[in-house]
Amino acid sequence: MSEQPVEIHDSDPAWPARFADERDSVERILAPWLVAPVEHAGSTSVPGLPAKPVVDMFAGVASLEESRPCIELLSGAGWCYAPYAEEIEHWFCKPSPAARTHHLHVMVHGSPDWNDILAFRDALRSDAGLCERYAALKRELAVRHRDDREAYTEAKAGFIAAALASIAPPS
């Protein structure tokens with residue numbers, strides 16, 4: 001299965017509308033399992049941040065096991081399921097792995113992964129310097145890992161971890 005190359009685009013003010021276009025349908029399908037509204041996170045949710053032009057949606061459920069029937073329902077609505085990181089999420093893309101416009105991450109609401117994703121989004125939204133440093137890193141890594149999405153994602157992990165550590169409340 002071929003994948004899109006990693007390409008970073010300038011921020012697009014249409015990204016929030018692309019999220020909204022899918023949100024209501026996803027919330028209807030996931031209604032039996034959702035415990036909170038579907039969230040727009042990832043780089044397309046941060047105004048002014050360059051990103052891969054793929055809208056990341058996060059749906060919070062109480063249990064991955066209990067929400068497993070959503071895989072068939074979402075697949076029937078055009079979402080392509082991939083058994084990726086199954087211990088933390090049900091992962092989908094749309095319209096296809098080779099031409100993605102949306103990712104949908106069905107995750108346990110309030111889990112450490114869920115909390116980190118939203119905390120990093122909020123940090124980027126509120127800290128212009130962090131946002132600029134992240135944009136520069138993303139552009140550099142997109143060139144280096146153009147044909148390897150996994151390597152691109154993994155290469156950002158240290159930056160994200162450091163940002164989260166800097167905003168974590170003292171214990």
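Among contacts in the chain between residues at least 6 apart in sequence, what percentage join residues at least 24 apart? The share is 62%, where contact means heavy atoms within 4.5 Å. The structure is a predicted model, in which local features need pLDDT of at least 70 and side-chain atom pairs count only at pLDDT 80 or more, while totals for chains, interfaces and linings use all residues. Residues are numbered from 1 along each chain as its sequence is written, and side-chain values use heavy atoms, with hydrogens and water left out.

The chain has five helices and five strands, these being DSSP runs numbered from the N terminus (helices: H or I, at least four residues; strands: E, at least two). From the N terminus on, their order is α-β-β-α-β-β-β-α-α-α. Of the 171 residues, 43% count as buried, a word that stands for under 20% relative accessible area, against over 50% for exposed and in between for partly exposed (1.4 Å probe, protein chains only).

With a relative accessible area of 4%, threonine 44 is buried. Leaving aside neighbours within four places in sequence, threonine 44 is in contact with residues including Trp15, Val55 and Asp56. Its side chain also makes a polar contact, at 2.8 Å, with the side chain of histidine 40; such a contact is a pair of N or O atoms within 3.5 Å, where, within protein, one must be able to donate a hydrogen and the other to accept it, and residues adjacent in sequence count only if both atoms are side-chain atoms.
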